[in-house]
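Please open the model in your viewer and keep the selection panel at hand. The tour goes from the whole chain to one element of it.

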Amino acid sequence: MPRASAGPVPVVVMGLGVIGQEIARAAQLSPEVELIGAVDANPQLVGRPLSDVLGGPALKVKIAGTLEAAVGRRKGAVLLHATGSRLEQVMDQLLDALKLGLPIVSTCEELAFPFLKYPELAEKLERAAQAAGVAVLGTGVNPGFVMDRLVAVAGQACGPVRHATVTRVVDARTRRDALQRKVGAGLSEDEFFALVDKDQMGHVGLVESAALCALGLGLDCDDFEEEIVPVFAEEDILDGAFPVKKGRVAGIFQSAVGLDEGQERVRLELTIAVGADNPGDRIEIEADPKLVLEIRGGVPGDRATAHTLVNAAPRVTAAEAGLLTVLELPAGR
């Protein structure tokens with residue numbers, strides 16, 4: 001049964017990488033949540049004050065080595081989970097949290113719509129969440145907002161949708177070093193495609209966004225296709241985290257397409273590259289009326305991801321138990 005919490009919702013952050021740290025900072029700014037714990041697998045962090053890692057005002061919170069220790073005896077806590085992108089890699093962590101009865105909001109991109117690639121794992125999570133009486137949600141900026149939830153909200157102002165195109169361009173120079181490496185900046189073309197073949201290159205979650213986008217717009221897509229190719233530096237780029245020579249890989253262009261009996265209904269295009277021109281987000285919905293929405297400069301990835309998790313925490317405490325998507329969250333804060 002849904003329940004509404006009285007006062008700020010206690011939250012625990014799991015995973016203190018760059019995103020986890022941003023989540024912890026965002027939690028401190030929110031009047032709706034209270035940061036009561038943090039957990040990380042790095043033994044060098046365990047036992048240290050969280051403020052040592054965040055570099056901000058002193059906090060009473062100390063970093064724990066286990067989720068159970070981080071939660072302590074506090075009831076009603078929500079887990080803000082930020083340890084990985086792949087569902088199979090974080091599945092045990094999610095199940096352990098559900099055994100403790102914790103609602104979960106996670107940055108795991110494949111958790112945003114796990115029914116597409118992992119129906120058996122999705123069913124396992126659904127059963128575990130139902131048994132615990134809590135909700136589980138995967139969210140963030142992308143997937144979770146720009147290329148799916150925001151599109152679905154915009155589509156509510158239209159008649160039947162014929163087609164949707166969403167483009168997101170990110171200048172990787174404005175993002176963390178790890179993201180620049182994640183999109184292959186500085187690699188040769190052969191090195192890039194070798195990592196693509198190993199499924200170690202590109203953005204995780206784009207096809208999940210395409211499925212959410214289609215669902216939110218009422219489009220029946222029976223197949224999804226995904227492609228990733230390199231973006232090459234047209235000149236030497238020296239102002240990124242590391243230099244990228246002309247002709248080397250500067251980043252990625254990735255697309256996900258939703259098809260209905262072979263006809264394209266949804267197209268998502270994502271460019272993340274060092275020095276990418278005209279960064280921003282654009283949504284174009286072919287319907288009556290036609291809608292075009294642009295966000296100049298684009299939604300900031302890391303900070304906005306942190307706030308989407310923190311803002312979702314009170315919502316999941318009031319949600320029906322089970323595995324949710326962002327389409328089931330209230331539109332308001």
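This is a predicted model: local features need pLDDT of at least 70, side-chain atom pairs count only at pLDDT 80 or more; totals for chains, interfaces and linings use all residues.

In cartoon view, its secondary structure comes to ten helices and 13 strands, and the C-alpha trace spans about 55 × 50 × 35 Å along its principal axes. The radius of gyration is 20 Å, which agrees with the value near 20 Å for a compact globule of 333 residues.

Next, colour the chain by burial: buried residues make up 53% of the 333 residues. If you switch to a surface, the chain exposes about 15600 Å², of which carbon and sulfur atoms supply 49%. Selecting the charged side chains gives 33 positive and 46 negative ones, with the centres of the two sets 9 Å apart.

Now select residues 206-217, which form helix α9; its twelve residues reach 16 Å from the first C-alpha to the last, close to the 16 Å expected at 1.5 Å a residue. Is this helix buried or exposed? Ten of the twelve residues of α9 are buried, so the helix is largely enclosed by the rest of the structure.

Finish at Gly218, which follows α9 and has a positive phi, near 75 degrees.

Notes: Residues are numbered from 1 along each chain as its sequence is written. Side-chain values use heavy atoms; hydrogens and water are left out. Helices (H or I, at least four residues) and strands (E, at least two) are DSSP runs, numbered from the N terminus. The radius of gyration is taken over C-alpha atoms; the globule rule is 2.2 Å times the number of residues to the power 0.38. Buried means under 20% relative accessible area, exposed over 50%, partly exposed in between (1.4 Å probe, protein chains only). Accessible areas come from the Shrake-Rupley method with a 1.4 Å probe; for residues, only the protein chains shown count as cover. Lys and Arg count as positive and Asp and Glu as negative; His and the chain ends are not counted. The place of a charge is taken as NZ of Lys, CZ of Arg, CG of Asp or CD of Glu. The expected span of a helix is 1.5 Å times one less than its number of residues.
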